[in-house]
Amino acid sequence: MSLRFAAIGLDHRHIYHLVGGLIDAGGTCVGYDPTTSDPNVLAGFRERFPAVASVSDRRQLLEDPTIDVIVIAAVPSERAAIAVAAMRHGKDIMVDKPGVTAPAQLAEVEQVVRETGRIFSICFSERFVVPATEVAGQLIADGAIGRVVQTLGLGPHRLNKKIRPAWFFDPAQYGGILGDIASHQIDQFLHFTGSTDARIVTSAIGNFGNPQTPDFQDFGEILLRSEHATGYIRVDWFTADGLPTWGDGRLTILGTEGTIELRKYVDIDGRPGTDHVFLVDGKGTRHIDGSTAPLRYFKNFTADVRDRTQTAMSQRHVFTVSRLALEAQAAAQRLTQGNRS
C-alpha cells in the first residue's frame with residue numbers, strides 16, 4: 001500500500017516535518033488546504049512541495065475515500081476539531097503538538113477514536129525528528145546506564161516575535177507554554193523512563209520578558225513523578241540571537257549506572273553539527289555522533305496505518321502525554337518577579 005495523505009492547517013512550520021517525513025517514508029501528499037493565519041508558512045510550504053496541489057475546499061480532502069491520512073498543523077485550538085472531522089470521514093491523523101488545548105477536546109478525541117478505530121498520533125518532533133533520541137533509546141535498551149530513574153528536559157526556544165501570528169500570544173489559542181512545548185518533554189519522560197503514567201507534582205508559568213503581551217507565557221516548569229522515576233522540565237522563549245539555531249534543546253537521562261546527555265541542536269562553542277550524545281558510565285566518558293541514526297516514526301506510522309498496529313507510538317501514550325500537559329497547565333502557579341523564590 002502506498003499511503004496517500006493530505007494537509008489541512010498550514011499555520012505552523014512543523015507542517016514541513018509532517019509532510020516531508022511521510023513523503024520520505026514513501027507516502028504521497030495528494031493535496032492541501034491553503035487556508036492559513038501565517039502567509040509565510042504557506043509560502044514555505046509551496047516552496048518545499050511545489051508538486052502538491054492546492055484544494056480550495058477542504059471538504060474535498062475530507063470526503064475523498066482514497067486519502068488515508070490527514071496531517072494537521074493548524075492554530076492549536078483548532079486542531080482537535082479538524083482531527084475529529086477527519087476521523088469521522090475514515091482518516092487517520094498525524095497532528096503537530098499540541099494535539100489538544102482543552103480537556104473537553106481531549107475527551108472528544110478519545111471518544112471518536114473509540115468509535116471509529118482511527119489513529120490519532122501527535123508528532124512530538126523533539127523526539128521523532130531528532131536522531132540522537134534513537135541513539136539514547138538504544139543505549140538504554142542495551143543497559144548502558146542501568147535503570148533510568150530521572151530525566152531533566154530543557155526546551156528553550158527563540159521567540160522571533162516580529163514574525164509570529166497573533167494567535168501565538170493568546171493562551172486560549174496556543175494552549176499555554178506547558179500545554180504546548182512542554183508536551184515534548186513529558187513525552188520524553190514517559191518514553192525514556194518506561195512509565196505508562198505520571199502525576200504532576202508542581203508546575204509554574206511566568207512572563208518575565210514580554211510585558212507588551214501580558215497574557216503570553218515565556219517561562220514554564222514542571223516536576224512530575226511516576227511509580228519509579230521523576231522528571232524536571234523547563235521550557236522558555238529566551239534563546240538569545242547569538243545562538244546559531246532556534247534553541248539549545250537538552251535532555252539528561254539519569255540511570256543507576258551512568259548518565260546520557262543529549263545536546264540535540266548545538267554543542268555550544270564545541271563540535272559542529274547537531275545530535276550530540278554524551279555517555280558517562282563505569283568505563284569513562286565518550287561523545288557519540290548521533291546525526292546518522294535512522295528515524296523510525298514516520299515509517300512506523302505508515303505501517304500502522306496499513307496494518308492497524310501501534311508501533312510508532314501507542315494511542316494510550318498519546319492521550320497520557322496530552323492529559324498530563326493539560327493538567328500541568330491548569331495547575332500552574334503564575335510566577336512574577338516577586339514570587340519566584
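I am calling a salt bridge a side-chain nitrogen of Lys or Arg within 4 Å of a carboxyl oxygen of Asp or Glu.

**Ground rules.** I am working with a predicted model, where local features need pLDDT of at least 70, side-chain atom pairs count only at pLDDT 80 or more, and totals for chains, interfaces and linings use all residues. I number residues from 1 along each chain as its sequence is written, and side-chain values use heavy atoms, with hydrogens and water left out.

**Entry 1: salt bridges.** I looked up the total, and the structure holds 20 salt bridges. I then picked out a few of them.

R127 and D187 pair through their side chains, at 2.8 Å from N to O. R127 sits in helix α6 (residues 125-128) and D187 in helix α10 (residues 182-193), so this bridge ties together parts 60 residues apart in sequence. For helices I use DSSP runs of H or I with at least four residues, for strands runs of E with at least two, numbered from the N terminus. Are the two partners buried or exposed? R127 counts as buried at 8% relative accessibility, and D187 counts as buried at 0%. My cut-offs are under 20% relative accessible area for buried, over 50% for exposed and partly exposed in between, with a 1.4 Å probe and protein chains only.

**Entry 2: R308 and D92.** Here the side chains meet at 2.7 Å, N to O. R308 is in the loop between α11 and α12 (315-331), while D92 is in strand β4 (residues 92-96), so the pair links parts 216 residues apart in sequence. I find R308 partly exposed, at 37% relative accessible area, whereas D92 is buried, at 1%.

Entry 3: R263 bridges to D248, with the closest N and O atoms 3.0 Å apart. R263 belongs to strand β11 (residues 258-263) and D248 to the loop between β9 (230-236) and β10 (250-255). R263 is buried at 10% relative accessibility, and D248 is buried at 11%.

**Entry 4: a helix pair.** How do α1 and α11 pack? Helix α1 (residues 15-24) and helix α11 (residues 297-307) pack at about 70°, their axes 8 Å apart. My axes are lines fitted to C-alpha atoms, for helices over the stretch in contact, with angles from 0 to 180 degrees between N-to-C directions. The two helices are therefore roughly perpendicular (65 to 115 degrees). Counting heavy atoms within 4.5 Å as contact, I see H17, L18, G21 and L22 of α1 meeting F298, F301 and T302 of α11.

Definitions and conventions: Parallel < 35°, antiparallel > 145°, perpendicular 65-115°, else oblique.
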